[in-house]
Amino acid sequence: AAAARPLRIGVVGGGPAGFYAAGRWLSVADNARVDLFELLPTPFGLARFGVAPDHPEVKNCEHKFEETARDPRFRFFGNVQVCGTQASSDSTVLSVPNTTPSSLAVPIPLEKLRQHYDAVLLTYGASLDRPLGIPGEDTLKNVLSARTFVNWYNGHPYHSSFLAPLIDLSKLEHATIIGQGNVALDVARILLKDVDALREYDVPDHVLAELARSRVKRVDIVGRRGPLQLAATTKELREMLNLPGVGFDIDSQILSDAVRDVEAYPKMEGARAKKRAMGLLAGGSKTPLAEASKSWSLQFLQSPVELLPSSTEGATAPSALEGITSPQSIGAVRYTLNELVPPSSASSSSSSPDPSQFSARATSESRIASTDILFKSVGYRSIGLPGLPFDERRGIVRNDQGRVVDEQGKRIDGLYTSGWLARGPTGVIATTMFDAFATADLVAADLAQAGQVEEKPEFRIDEYSGGKKVVSWEDWEVIDRIERERGREKGKLREKVVSVEEMLEVVG
Ligand code: FAD
């Protein structure tokens, strides 16, 4: 019957959003088809390159994605970079800052893709950082984003070799992390945890070697608001407090104010979880601070305003890299001290506002705190493709519930978005899953409503690959098997292949 012609969706980005949407789409109808395009030769996005290696259970979602990928109606095109629609787009998109441009990837303009699919779903995630926007951020050595560090310890091919020539953990003792979300706690845990407790997972060998040389023994995690506005979850806090040999400290006055507030406002949003978290923090670390060889702290009500160079170093010290003057290292951070104020929307006549919704306001006071290295953990950020409506302020593709819209709010036919690219870089894999399901259902409803539409020409990769290698699902299974085998020999989950060149080599 004419109604049974294949309905094809092109998915851009092989992270949780892309895979969950694909699986949902395939479950909708027998004539559903999915082609998924992924920049890297490896699938799974941040499940592979974000989620911490010592949380392997979180990566169980990959089994579900494998099931989807084995459906004969699904095709995987790895090592394919979907790029913008304007003539100059290829080079723009391929030069994402802080990454090695993937000259090995096959570029396909989004506009071309749209000619082949009933709907194109953009789920290419967030591959940049939100900046702090303060002096010193881009010029001082030993200042890096949490994302770069996370990518490094997870063996992301664009970041796998960045650390050794730039940062020497064997010379650093005191780390500061700006931001208090779960990513900040992941970074702190990887820095403080005994390296031997990481060996069984999939941390690449060269990363383990560098972590084994690390002298970092103090990590301060700094937030602009107070304990009641902590973005980190109780589970991650507990894990940090239980780290063997690692002590914890916190300003007891600030903490007791928070405990008082949570008691005083039983209707506070998330009151129970907050109470639990405050109790946990008040209980301190399993290893008492005085007995600990390493420690961490949560520091509140401070916003960094300037990063200052270390005074012991000359600005023109010769670098190991010939001809390049080595930048000065960070030595300290200048913070403005904040106070918490009710949101401006809270009217004075209403009952007293919920303290957990208070925001930070700068006072005239400031302080300077020393540090050897600084991690910016204030959020990931998506990149717009030239020609695609992008909300620069929020850093997401403009969309209405997943339907891509232009500046005027007008729908762009057949174009959808989901996951971190659509909602912003927050939310765990489960949130991303529900979001992807909703978007896939929306696509199905829209296509059903559109009724009979002429079939588009089937997508053929050889029209675009130009002699470059496109990685199929079977190719990925080869990489996966090699990684597991190499891991088994070393008594670990897997030894990741960390360069695109080697990935392409092993799949021939
Ligand atoms: P992503 O996972 O980023 O996937 C996007 C994919 O698109 C990537 O594979 C990327 O390579 C690809 N891509 C990019 N550009 C292109 C292009 N031009 N063409 C083709 N493909 C492209 N959640 C949990 O539930 N538990 C955790 O413990 C947890 N830990 C986390 C730790 C960190 C450090 C981070 C950053 C996140 C963590 N999350 C965790 C959240 C979880 O990773 C996200 O909710 C989820 O990965 C978002 O999925 P996504 O598909 O939108 O984006």
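Residue numbers start from 1 along each chain, as its sequence is written. Because the model is predicted, local features are reported at pLDDT of at least 70 and side-chain atom pairs at pLDDT 80 or more, while totals for chains, interfaces and linings use all residues.

A look at confidence comes first. The pLDDT, the predictor's confidence in each residue on a scale from 0 to 100, averages 91 over the protein chain, and 92% of the residues score at least 70. The model scores are ipTM 0.99 and pTM 0.94. Two stretches call for some care. Residues 86-101 stay under 50 in pLDDT, and the model has 26 contacts for them beyond four places in sequence; a contact here joins two residues whose C-beta atoms, placed from the backbone, lie within 7 Å. Residues 314-324 are also below 50, with seven contacts in the model beyond near neighbours in sequence. Where pLDDT is low, the predicted coordinates should not be read in detail.

The domain assignment, with bounds from an automatic or database source, divides the chain into domain 1 (2-128 + 380-463) and domain 2 (131-376). Their C-alpha centres lie 32 Å apart. Across the boundary, 12 residues of domain 1 are in contact with 16 residues of domain 2. The side of domain 1 that touches domain 2 has six nonpolar, four polar and two charged residues. In this classification, Ala, Val, Leu, Ile, Met, Phe, Trp, Tyr, Cys and Pro are nonpolar, Asp, Glu, Lys and Arg are charged, and the others, Gly among them, are polar.

Both domains give residues to the shell around the ligand, so the ligand lies between them. Of the 36 residues around the ligand, Gly-13, Gly-15, Gly-45, Gly-125 and Gly-419 come nearest. Elements giving two or more residues include strand 2 (32-38), helix 8 (182-192) and helix 14 (429-450); helix 1 gives the most, with three residues. Helices (H or I, at least four residues) and strands (E, at least two) are DSSP runs, numbered from the N terminus. By class, the shell has 20 nonpolar, 14 polar and two charged residues.

An unreviewed UniProt entry places the feature "binding site" at Ala-17, Glu-38, Leu-46, Val-82, Trp-420, Gly-427, Val-428 and Ile-429. These positions span 413 residues in sequence and their farthest two C-alpha atoms are 24.8 Å apart, so they do not all gather at one spot. UniProt positions follow the numbering used here, feature names are shortened, and annotations may be inferred rather than shown by experiment.

Two of these annotated positions can be followed further. Val-82, in strand 4 (residues 80-83), is buried, with 25 other C-beta atoms within 10 Å. Burial takes 20 or more other C-beta atoms within 10 Å of a residue's own, 12 or fewer make it exposed, and values in between partly exposed, with C-beta atoms placed from the backbone. Beyond four places in sequence, Val-82 is in contact with Val-12, Phe-37, Ile-108, Leu-110 and Leu-113. Trp-420 belongs to helix 13 (residues 420-423) and is buried too, with 30 other C-beta atoms within 10 Å.

Definitions and conventions. Near = placed C-beta within 6 Å.
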